[in-house]
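Here is a short tour of a structure for you to follow in your viewer. Please keep the sequence at hand as you read.

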Amino acid sequence: MNVLIVFAHPDPRSLNAALRDVAVAELTAAGHAVQVSDLYAMRFKAEVDRDDFPLLAPADRLKVPGASKAAFTAGALTADVVAEQQKLLWADVLILQFPLWWFTMPAILKGWVDRVFAYGFAYGVGEHSEARWGDRYGEGTFAGRRAMVITTTGGWAEHYSARGVNGPMDDLLFPINHGILFYPGYDVLPAHVVHRADRLDAAGFEAAAEGLRERMRTIATTPPIPYRRQNGGDYLISGCELRPDLGDPGARGFALHVGRAPATAEAAAPTRPAA
Ligand code: FAD
């Protein structure tokens, strides 16, 4: 498979960089082709602004979704954005790797998403009518491909547990896993999280590295999180609300959007033929 790692850490000697190298080595040894977008090393521009839309007349107000759609349709997005989109189309698997900063991804990676996931490419895809709310949440440009997060935290695992003070890690990562990755179609694998990273010693690093190697060895077969597909029948098309007969009575919040896992690992296997 082709694997793209989008990596966000400012220091090439960091723990995250060392873990990235572990992932690349394991994937390469297994015969996968790997590309890395090292956003700080690339000095990737993180802000969306007028410079992203050369077709926009100076007198026109910048309305980002419209400008993004026009530029994507005209093939007029900037070269750095197009290069990242080409890598995404090449990749069967997308990995986002970052240290958890303020309970989410570093700004440079969010900026990469804002700029690269353009209108018509990652959103605004498919038929929008009274009968259908586009191809999203399990459908869209990246349907049949896989994606996952690798992240490190300063905090303890317990602080991110179901009753932990930081909130459950699955909830904190929901906007990334569901909102950024599942939205344009990826099958999203559970995140690989290394906790208490600031205090990691050599033994801790080896344990973290071995856990990561195992995740890389099983990247093609790990069952994805069984998020409900928007157009799979679980949601009422008017309003895109979950059908009243689904989910635990009284349940609310992110967990409602996770359905039942398929019965077999085969049912969870990637649907896209190898490139
Ligand atoms: P580094 O600082 O590079 O390394 C961490 C430790 O790993 C060091 O002690 C290093 O010696 C050791 N190490 C062991 N083996 C190796 C090796 N082979 N190579 C390199 N290092 C090794 N944490 C939270 O839990 N929640 C938050 O919301 C949060 N917000 C933050 C916001 C900001 C702005 C910042 C700066 C930090 C925040 N943190 C938070 C902490 C952050 O998540 C950790 O600092 C980060 O995950 C550590 O990863 P790193 O790659 O930067 O580690």
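## About the model

This is a predicted model, in which local features need pLDDT of at least 70, side-chain atom pairs count only at pLDDT 80 or more, and totals for chains, interfaces and linings use all residues. Residues are numbered from 1 along each chain as its sequence is written, and side-chain values use heavy atoms, with hydrogens and water left out.

## Helices α1 and α8

Two packed helices are described by the angle between their axes and the distance between the axes. Helix α1 covers residues 15-29 and helix α8 residues 202-217; their axes come within 9 Å and cross at roughly 40°. Axes here are lines fitted to C-alpha atoms, for helices over the stretch in contact, with angles running from 0 to 180 degrees between N-to-C directions. Helices (H or I, at least four residues) and strands (E, at least two) are DSSP runs, numbered from the N terminus.

The two helices, α1 and α8, are therefore oblique to each other (under 35 degrees counts as roughly parallel, over 145 as roughly antiparallel, 65 to 115 as roughly perpendicular, and the rest as oblique). On the α1 side, the contact (heavy atoms within 4.5 Å) is made by residues including Leu15, Leu19 and Val22, and on the α8 side by residues including Phe205, Leu212 and Met216. By class, this contact of α1 with α8 has 11 nonpolar, no polar and three charged residues. Ala, Val, Leu, Ile, Met, Phe, Trp, Tyr, Cys and Pro count as nonpolar, Asp, Glu, Lys and Arg as charged, and the others, Gly among them, as polar.

## Helices α4 and α5

The axes of α4 (residues 79-90) and α5 (residues 107-116) come within 10 Å and cross at roughly 90°. That makes α4 roughly perpendicular to α5. Asp80, Val81, Glu84, Gln85 and Leu88 of α4 meet Trp112, Arg115 and Val116 of α5 in this contact. Sorted by class, the contact of α4 with α5 has four nonpolar, one polar and three charged residues.

## The ligand site

The ligand is surrounded by 20 residues (a heavy atom within 4 Å), and the closest are His9, Trp102, Thr152, Tyr160 and Asp198. An oxygen atom of the ligand is 2.8 Å from an N or O atom in the side chain of Asn16.

## Asp38

Asp38 sits in strand β2, residues 33-38. Not counting residues up to four places away in sequence, Asp38 touches Phe7, His9 and Arg20.

Methods
A polar contact is a pair of N or O atoms within 3.5 Å; within protein, one must be able to donate a hydrogen and the other to accept it, and residues adjacent in sequence count only if both atoms are side-chain atoms.
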